[in-house]
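Thanks, everyone, for making time this morning.

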Amino acid sequence: MPKLQGFEFWSHTLRGARHVVAPMVDQSELAWRLLSRRHGAQLCYTPMLHAQVFVRDANYRKENLYCEVCPEDRPLIVQFCANDPEVFVQAALLAQDYCDAVDLNLGCPQMIAKRGHYGAFLQDEWDLLQRMILLAHEKLSVPVTCKIRVFPEIDKTVRYAQMLEKAGCQLLTVHGRTKEQKGPLSGAASWEHIKAVRKAVAIPVFANGNIQSLQDVERCIQDTGVQGVMSAEGNLHNPALFEGRSPAVWELAEEYLDIVREHPCPLSYVRAHLFKLWHHTLQVHQQLREELAKVKTLEGIAAVSQELKMRCQEEISRQEGAKPASDLPFHWICQPYVRPGPRAGSKEKAGARSKRALEEEECGTEVLSKNKQKKQLRNPHKTFDPSLKRKCCWGNRCVFSLCRGCCKKRASRETADCPGHGLLFKTKLEKSLAWKGTQPELQEPQTATPSTPGGFSEVMSSALA
């Protein structure tokens, strides 16, 4: 049978899927896909798999795709990250008998993708992408698809999509954010970019971004003309999103745990799903958040979920005819999570603060970061209080008797020199001031009037993701 392409592939193989669960690392595993399909999802992607690891590691293949045959879990698209045409095709050939299409991840914006040179960090290497898609299109018995992020410019995004289509891509998922839009800087996805791509290509297009409810799905299809809509974070907080329902959290939590007992997966996946499902309730019952983080068994997780259910039901009975006891009166309902933006009032540029600076800031607060909480669980006696931290001493080499790292921070703060570590902050400042004193006075440049923002920048800075 010849390989179906484009709209034939979408309408026959994918059964005209409109409601799609996104590929999510460690989160779109078989058990979660089955739960989502029971509640309105018509197509699911596997978590992003690393093509090179998939080729060399039989256990990785077994754990992520070969675990068992599940007729319910179709249609299914397997997603790979890769940056080498041969490796991508080798991985796809090993996966093609277990799926309906193979997707190339060109949308991951995370630092791990930058270090590994894949995902959205390949979007400027059009020659490489053409070779990867073309080779996969020629060699595979199933279609090849792509998931991309947009460029700030609509016309460049359109040319990018057309290039992928010409190379052999049979379906395109467009996440309407740039690779810089992530975490607290996500902002709103640009449906204008998605609409422009849909009009410019002759293959099916899925939209991704700004999807928190079934109304968003319908509005996106109407506004952009796409064939389907993909949800990631919205699906994680409400797997019944595509049904247009917001059920009680415990209903879906219990159903998911029953599926996990039948189709086991790593406990870390289960815990992460329960954290998202119970996200709003855990803001109210914070002591149970710690319990959920500590439990080491599936039944332990189920017990915490049951306790949350009981507390919510008690709160519901108390609230009948009374004032709500918390700021989240309906926290037990599956509902969207609104990602907070950058901290208001910060004088620094959004995104300019380093990870180390954030960690140092967290050390001075009562709330520890997730990583530090995990370290403290492994070692209860560990402290992150800077005042109790053992001082490092390098004897006579340092004017402050500190190691080089600590010395550099202090010398920079106090604009001091440390010859022992070769740090000359004071000397360099004095030289700079002396040099400026010898220069003729320059006329102040006229400040240009900033241009009025518009187009894509307005879209990015307007609504929440």
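If we leave aside residues up to four places away in sequence, Leu172 touches Cys146, Ile148, Ala161, Leu164, Val197, Ile203, Pro204, Val205 and Phe206. Please keep in mind, as we go on, that this is a predicted model.

Leu172 belongs to the largest nonpolar core, which has 110 residues, and together with Phe80 and Leu164 it touches the most other members. Helix α12, residues 249–262, supplies the largest share of this core, namely eight residues, and the core draws at least three residues from each of domain 1 (6–244) and domain 2 (250–318). Apart from it lies another core, of eight residues, including Cys398, Leu402, Ala416 and Cys418.

Let me now turn to helix α10, which spans residues 214–224. Which of its residues are buried? They are Leu214, Asp216, Val217, Cys220, Ile221 and Thr224, and because they cover an arc of only 160° around the axis, they sit on the same side of α10. On the other side of the helix, Gln215 and Gln222 are exposed.

As for what covers the buried residues of α10, the elements include the strands β1 (19–21), β8 (205–208) and β9 (228–231), along with helix α9 (191–200). Finally, if you follow the chain past the end of α10, you come to Gly225, whose phi is positive, near 80°.

Key
Residues are numbered from 1 along each chain as its sequence is written. This is a predicted model: local features need pLDDT of at least 70, side-chain atom pairs count only at pLDDT 80 or more; totals for chains, interfaces and linings use all residues. Side-chain values use heavy atoms; hydrogens and water are left out. Buried means under 20% relative accessible area, exposed over 50%, partly exposed in between (1.4 Å probe, protein chains only). Helices (H or I, at least four residues) and strands (E, at least two) are DSSP runs, numbered from the N terminus. The arc is that of the directions from the helix axis to the C-beta atoms. Contact means heavy atoms within 4.5 Å. A nonpolar core is a set of buried Ala, Val, Leu, Ile, Met, Phe, Trp, Tyr and Cys residues joined through side-chain atoms within 4.5 Å. Domain bounds come from an automatic or database domain assignment.
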